[in-house]
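Here is a short briefing on one protein model. Look at the fold as a whole, then at selected sites.

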Amino acid sequence: MKKKMDNQLEAFLANTKSVQNYSPELKALWYDGNGDWQKAHDEVDHLSGQSAARVHAYLHRKEGDTWNSDYWYRRAGEVRPAQSLEEEWIELVSRYWLKK
């Protein structure tokens, strides 16, 4: 199962052709996974929905801005998870892409 998920995540990160068709949340996760935090943040910074707030929270947590990330977790109706950033990223990609 883990190998299958790893393959799916690798495929997600390698997919450059479909990125423009992704939701802003999924684009943000793609950019972040490919090392561009700023572009990732730009995708969700101006949005107000709960799913965008959830990705926004993760990004600020990754940035190290705990106060700001906790604000966005509350906006998303969630709390900061007790997991690594990598595990959180995988959970979010699973939530917005792998389960589709």
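Helices (H or I, at least four residues) and strands (E, at least two) are DSSP runs, numbered from the N terminus. On that basis Ser-48 is found in the loop between helix 3 and helix 4 (50–63). The model is predicted: local features need pLDDT of at least 70, side-chain atom pairs count only at pLDDT 80 or more, and totals for chains, interfaces and linings use all residues. Residues are numbered from 1 along each chain as its sequence is written, and side-chain values use heavy atoms, with hydrogens and water left out.

**Overall fold**

- The protein has 6 helices and 0 strands.
- Its pattern along the sequence reads α-α-α-α-α-α.
- The radius of gyration is 13 Å, which agrees with the value near 13 Å for a compact globule of 100 residues. That radius is taken over C-alpha atoms, and the globule rule is 2.2 Å times the number of residues to the power 0.38.
- The C-alpha trace spans about 35 × 30 × 25 Å along the principal axes.
- Of the contacts with a separation of 6 or more, 44% are between residues 24 or more positions apart. Contact means heavy atoms within 4.5 Å.

**Surface and charge**

- Buried residues make up 40% of the 100 residues. Buried means under 20% relative accessible area, exposed over 50%, and partly exposed in between (1.4 Å probe, protein chains only).
- The accessible surface comes to about 5,900 Å². Carbon and sulfur atoms hold 51% of that surface. Areas come from the Shrake-Rupley method with a 1.4 Å probe; for residues, only the protein chains shown count as cover.
- There are 15 positive and 16 negative charges, and their mean positions are 5 Å apart. Lys and Arg count as positive, Asp and Glu as negative; His and the chain ends are not counted. Each charge is placed at NZ of Lys, CZ of Arg, CG of Asp or CD of Glu.

**Aromatic pairs**

- Rings of Phe, Tyr and Trp (its six-membered ring) pair if their centres lie within 6.5 Å; planes under 30 degrees apart count as stacked, over 60 as edge-to-face and the rest as tilted. By this rule the protein has 5 aromatic pairs.
- One of them is Phe-12 with Tyr-22, a stacked pair at 5.7 Å centre to centre, with 25° between the planes. Phe-12 sits in helix 1 (residues 2–14), and Tyr-22 lies in the loop between helix 1 and helix 2 (24–33), 10 residues apart. Both Phe-12 and Tyr-22 are buried.
- Phe-12 also pairs with Trp-89: the ring centres are 6.2 Å apart and the planes meet at 50°, so this pair is tilted. The pair links distant parts of the chain, with Trp-89 in helix 6 (residues 85–98), 77 residues from Phe-12. Both Phe-12 and Trp-89 are buried.
- Phe-12, Tyr-22 and Trp-89 form one aromatic cluster.

- The buried residues include Leu-26, Ala-28, Leu-29 and Trp-30. Charged residue types are on the list too, among them Glu-25, Lys-27 and Asp-32.
- Gly-35 follows helix 2 and has a positive phi, near 85°.
- The buried residues of helix 5 (residues 66–75) are Asn-68, Ser-69, Asp-70, Trp-72 and Tyr-73.
- Gly-77 follows helix 5, and its phi is positive, near 75°.

**Selected sites**

- His-41 lies in helix 3 (residues 37–44). His-41 is buried, with a relative accessible area of 10%. Leaving aside neighbours within four places in sequence, His-41 is in contact with His-56, Leu-59 and His-60.
- Ser-48 is exposed, at 62% relative accessible area. Its C-alpha is 8.7 Å from that of Arg-75, 27 residues apart along the chain.
- Val-79 is in the loop between helix 5 and helix 6. Val-79 is exposed, with a relative accessible area of 67%. The C-alpha atoms of Val-79 and Leu-29, 50 residues apart along the chain, are separated by 19 Å.
- Ser-84 is also in the loop between helix 5 and helix 6. At 32% relative accessibility, Ser-84 counts as partly exposed. Ser-84 and Lys-62 are 22 residues apart in sequence and 9.7 Å apart in space, C-alpha to C-alpha.
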